[in-house]
Structures are given as structure tokens and as C-alpha cells.
Amino acid sequence: MGEARTTGRRAARRLEIGVRLYELPLLFGLVVLWMMLWQEVSPLSAVSGFVVAFFVMRLFYLPPVALAGRFNAWWALRYLGYFFWHLARASWEVAWLAVRPGPPPATSIIAVRLTTRSDFILTMVGLTNSLIPGSLVAEVDRFESTLYLHVLNTPTQRELTKMRREVRTIERLLVYAVGSKAEMRAVNERRTA
């Protein structure tokens with residue numbers, strides 16, 4: 001009993017002291033951020049940044065994000081094209097809504113349930129929708145994989161349906177670009193259903 005407790009303590013201590021391989025990009029990013037905040041690139045700022053980043057990573061632990069381990073350049077380019085096209089179009093639409101005469105446009109909060117269960121893709125879909133003017137993620141239900149969006153200019157059900165379709169298109173493009181094979185099958189099944 002005592003030996004098991006000692007072994008468990010050693011394993012816990014070993015996990016807390018070392019830096020895991022998947023944490024290296026985060027560690028590097030935090031050190032770079034630290035040097036940018038101090039506006040100085042020197043050995044002292046790098047070492048102090050490493051110390052601060054290490055303690056931040058231990059105090060505010062985040063679980064690792066599971067990635068599918070695949071990347072499709074063609075679908076990533078299609079996603080970027082879709083994003084930039086909708087970014088430009090929505091910017092003009094929101095600019096027109098801001099200067100046009102008449103009452104303010106109708107807004108809505110809609111729930112869009114996604115097919116994927118991946119935290120990474122859920123986050124990317126939410127960020128993409130928030131970057132496109134006219135929609136903003138109000139809340140995320142991670143366990144139900146649902147985004148709640150505040151959407152501008154939705155006077156009828158047709159605009160709400162169109163917005164849900166656009167969110168699912170973004171999800172589909174991201175799943176095809178970086179999702180797993182199982183996620184691709186699930187997205188295809190939902191699309192054909």
C-alpha cells in the first residue's frame with residue numbers, strides 16, 4: 001500500500017516537473033508573447049519568459065486538443081475562399097445596414113447543432129462565424145456541440161435557415177480539411193439526410 005502511494009507521488013511529480021512534447025508549441029508561443037510584451041529580444045527576456053510560461057502552463061492547465069492528424073490542402077483552400085468571400089460580402093451588407101434609412105435591422109439568437117464532437121473544429125467554426133460580420137457566437141454548448149449565434153438582419157425564417165446552412169457549410173469545409181474520417185462520414189450522412 002505504501003509503495004503504491006510513493007510510486008503514484010513520483011509519477012505525479014514527474015508529470016508536473018517536465019514539459020511534454022505536445023506542450024512545446026504553447027511554451028514557445030508564450031515565450032514569444034512575453035518578449036513581445038516587454039518589446040525586447042534578449043537572453044534575459046527569453047529565460048524569464050520561459051519561467052513565466054512554465055508556471056502559467058502548470059497553474060492554468062489545459063487538456064491537449066485531439067487532432068485528427070490529417071490535412072487536405074484542397075479543402076483548406078476551399079475553406080479560405082469561402083471565408084474570404086463571405087467576409088467581403090458580409091462587410092458590404094453590414095455597412096449598408098449601418099447607413100441605410102429606416103428602422104434598425106431585426107436580430108436573432110439561433111442555435112446551430114454541429115455534427116462534429118471535436119473541440120478544435122467546434123472552436124474553428126465558432127471563430128470563423130465570429131469573424132464574418134453580422135454574426136457573433138453568444139454561447140457554446142461543448143457537450144451538445146451547439147453554437148448559439150447572435151445574427152444580424154434576420155427578419156424572416158428564410159434568413160435564419162440560410163444562416164444555419166452557412167454554419168454547417170463552414171463545419172463541412174473544416175471537417176474535410178482537418179477532420180477525421182469518422183467526422184467526414186458523419187458530415188456526409190447529415191448532408192444527405
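**Strand pairing, salt bridges and surface**

Q: Which residue in strand 3 is the bridge partner of Thr 107?
A: This is a predicted model, in which local features need pLDDT of at least 70 and side-chain atom pairs count only at pLDDT 80 or more, while totals for chains, interfaces and linings use all residues. Residues are numbered from 1 along each chain as its sequence is written, and side-chain values use heavy atoms, leaving out hydrogens and water. With that in hand, the partner of Thr 107 in strand 3 is Leu 152.

Q: How many bridges join strand 1 to strand 3?
A: Helices (H or I, at least four residues) and strands (E, at least two) are DSSP runs, numbered from the N terminus. Two strands pair if DSSP finds at least two bridges between them. Strand 1 and strand 3 (residues 146-152) run antiparallel, and the number of bridges joining them is seven.

Q: How far apart are the closest N and O atoms of Glu 93 and Arg 89?
A: A salt bridge here is a side-chain nitrogen of Lys or Arg within 4 Å of a carboxyl oxygen of Asp or Glu. Glu 93 and Arg 89 are four residues apart in helix 4 (residues 73-99), so about one helical turn separates them. They form a salt bridge, and their closest N and O atoms lie apart by 3.2 Å.

Q: Is Glu 166, which forms a salt bridge with Arg 89, buried or exposed?
A: The closest N and O atoms of Glu 166 and Arg 89 are 3.6 Å apart. Glu 166 lies in helix 6 and Arg 89 in helix 4, so the pair ties together parts 77 residues apart in sequence. Buried means under 20% relative accessible area, exposed over 50%, and partly exposed in between (1.4 Å probe, protein chains only). At 16% relative accessible area, Glu 166 is buried.

Q: Which residue forms a salt bridge with Arg 142?
A: The closest N and O atoms of this pair are 2.8 Å apart. Arg 142 lies in the loop between strand 2 and strand 3, and its partner in helix 5 (residues 119-131), so the pair ties together parts 23 residues apart in sequence. Arg 142 is partly exposed at 48% relative accessibility. Its partner, partly exposed with a relative accessible area of 31%, is Asp 119.

Q: What percentage of the 193 residues in the chain is buried?
A: The chain has seven helices and three strands. From the N terminus on, these elements run α-α-α-α-β-α-β-β-α-α. Of the 193 residues, the buried share is 29%.
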